[in-house]
Amino acid sequence: MSSRFFDVASVQDELRAVDYLCDESIAGVVYLADRLDKPVLIEGPAGTGKTQLGKSVAEITGARLIRLQCYEGLDEAKALYEWNYKKQLLRIQAEQGGEHEWDDVSDDIFSDEFLLTRPLLEAIRADEPVVLLIDEVDRVEVETEALLLEVLSDYQVSIPELGTIEAKQVPLVFLTSNNTRELSEALKRRCLYLHVDYPDVEREKRIVLTKVPDITENLADQIARVVRSIRRIELKKAPSVSETLDWARTLVLLGVERIDEQTAAETLNILLKYQSDITKTLRDLGSADGVSV
Amino acid sequence: MADRTDVRLPIEVGEELLDLINGFIVALRGAGLPVSLTENIDAIEAIKHIPIEDRATFKYALASTLVKHYGHWNAFETVFEVYFSLRGPQYAIGEESDHGNVDPSEDELRRGADGLSGSGGENLTPQELAEMLYLALLRGDRSMMRGVARHSVKRYAGMEPGRPVGGTYYLYRTLRNLDLDGVLERLLDQEQDTSGDPSDDLALRLQRDEYRSRIDHLQKEIEAEIRRRLVADRGVEAMARTLRKPLPEDVDFMHASREEMAGLRRAISPLTRKLAARLQRKRRHGRRGPLDFRRTVRASLSYGGVPVEPKFRHPRPHKPEIMVIADISGSVAAFARFTLHLVYAISGQFSKVRSFVFIDGLDEVTPLFEGVEDINEAVHRVNTEADVVWVDGHSDYGHAFGVFWEQYGSDIGPRTSIMILGDARNNYHAPESWTVKAMHDKAKAVYWLNPEPCSYWDTGDSIVGEYSPYCDGTFEVRNLRQLESFVEHLA
């Protein structure tokens, strides 16, 4: 098993090259995931770049990204594999009155040809390097989580009719969760755990500078600080990094060079999505004293 | 991809390091973190691959393999800092005299604070130290902050070996002498003078937040320094024991401190989401209704009349209705505040929630929660506006339930779940337990959540036993863990 990364710092550098600015802990866990061949469970507030991390890692390793979007009601047939029973039925009908024994037919219809691969099996069977991204795993029911366990720990899928299919190469696996429910111990035990939080001011500023063209350093700095102040207020939904970027783009388009209270008040609806949050923030930012810490 | 050939090879883990990690894991388990054997093995596997002398990486390697719950991060960090505080050269505590080589030395500090009349030698005057503190914060110079933190702890905390007081005492003494609020004011005045634009509130506000976060950082440095010195004095094991704080899910509602309460508040909303998800799932469970004959035949046509895909009717989901009845009297005050937060959070998740509060009278507070965006405001309104005192303002469950049955009993339907929150300390009034029986007969379920430990039930004036026969479940709910298990029970 060849390693994909040289050391932690190189992970950080390579990710930076594809415009993903990460801190040491993120780079460290990605590095370990590669070395230990373990999946990474990424938790954290929405909009902090959890999914993007998976995509960016796929980009720097030159691997194919296979994505499984989870939702309530996801089942084996959508996640692992399914028998193409329509085709099987045709096969049986084509055989009617034919010369083959039933045993032959039944062996035949449970072969590779009639198997529809779904993301998990596809990631296992791929010949080329693969990054498997299992998005929003907290959306599936606890029972469905069990589907993932075999793949995550042994990188294999057991199909009763075919036997066990083992991975040709060990994929890098990322699972993201918005923490709407507690994931099962069994799942957590198999993964490395990474909590991605909102970036600090310095990193957020650099993210804005990287992602928004034509922005001045001064404005980026101010944006990062305003966002930090807003995140300190107790809100229904704190602004995410992607919302910060939207705000930054808007301000650039409007030709703003320096944020004052007026501009902030007029464009706050880009940053915050609830009217109550907006009023609360305006009230709070208006007072120089701010929230008590 | 690895285009370099000189890939770092896994290092061998020696006996000593193994012992160290195992000791650390024992300490973690002691702090209540569930660390399994496989996780233990993973951690050891992980540190083979990282440069062990890099403290930050080492920490993340351990954290990502051992801590699988964000709420446990604080506990992990504390144990880590204690356990590894004295390892590694830059973390050793120098003797009083030789703090030249590893500490950010006083010389360094002086260089940073040039323009000060340095008095030479190692004793800084309090004024000099205050000036350095000011400059460190003004510039946001982290290493200077660390230096200031170390010196102020040395000077002000008055730590003596073997003195049996906790770290918070030393922290308090140090902070009192540093007068951080005063420094903050001074920094802001300075800011206003230099920018010369006092009208811009937003800029001022941002600056204040910036300084605040620097002060927070300084405070963390001071705490770390105190911890380091305590560990040096008392030894790792003893310290790990004294610093042990309950995990967020084990904090007792009745005795939660203010910060703990804030933590609990944050934890509630995911919990109610979970509660909502649970109840919703229950609604959707058995997604398949009865067989839809017509659609099945229709679908079979594409397979030559073989009913390959049976079709089912969609079941009609019903909406859960919840009635919450909460005791907000003095004896459960802390619990009540929490309860109100819980009620507020629940009413945000479900459309049909009605909430009631009582002491010896009972009042419906549903409208007070509606359309109120700020929970604190809602709680304040409940506490001031709700008409819950009937005679003397001592809990009277019997009377309150009587009022409930009389006024709202007719609204209870077969789909209503009733949650009663209270300690059932009835001040020796009549229990009137028939009211709960009546509710139970009419409602889908009645649950009683009691913030008192089980062993106190039915002692003194507590009369849970009178009501519990008519409840579908009586639960001790003193902390988040128990609340969660209640939610699990529902599903």
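B:A326 stands opposite B:L421, a residue of strand β4 of chain B. Strand β1 (residues 321-327) and strand β4 (residues 416-421) of chain B pair in the parallel sense, over six bridges. Pairing here requires at least two bridges found by DSSP between two strands. The model is predicted; local features need pLDDT of at least 70, side-chain atom pairs count only at pLDDT 80 or more, and totals for chains, interfaces and linings use all residues. Residues are numbered from 1 along each chain as its sequence is written, while chains are lettered from A and ligands numbered from 1 in the order in which they are written.

An open sheet of six strands runs in the order β3-β2-β1-β4-β5-β6 in chain B, with mixed pairing. Its edge strands are β3 (362-364) and β6 (473-476) of chain B, each pairing on one side only. Neighbouring strands of the sheet are turned by 20° against each other on average, direction ignored. Helix α17 (residues 397-408) of chain B packs on this sheet. This helix touches β1, β2 (352-358) and β3 of chain B, and its direction makes about 40° with that of β3(B). Axes are lines fitted to C-alpha atoms, for helices over the stretch in contact; angles run from 0 to 180 degrees between N-to-C directions.

Chain B comes to 20 helices and six strands. These are DSSP runs, numbered from the N terminus: helices are H or I with at least four residues, strands E with at least two. Of the 491 residues in chain B, 33% are buried. A buried residue has 20 or more other C-beta atoms within 10 Å of its own, an exposed one 12 or fewer, and a partly exposed one a count in between, with C-beta atoms placed from the backbone. Among contacts in chain B between residues at least 6 apart in sequence, 70% join residues at least 24 apart. Contact means C-beta atoms, placed from the backbone, within 7 Å.

In chain A, helix α8 (residues 142-154) has a kink of about 35°, centred on A:L148. The bend at a residue is the angle between axes fitted to the seven residues ending there and the seven starting there. A:L148, A:V151 and A:L152 are the buried residues of α8(A). They pack against α7 (119-125), β5 (130-135), β6 (156-159), β8 (172-177) and α9 (185-190) of chain A. A:Y155 follows the helix, with a positive phi near 50°.

Notes
Two residues are in contact if their C-beta atoms, placed from the backbone, lie within 7 Å.
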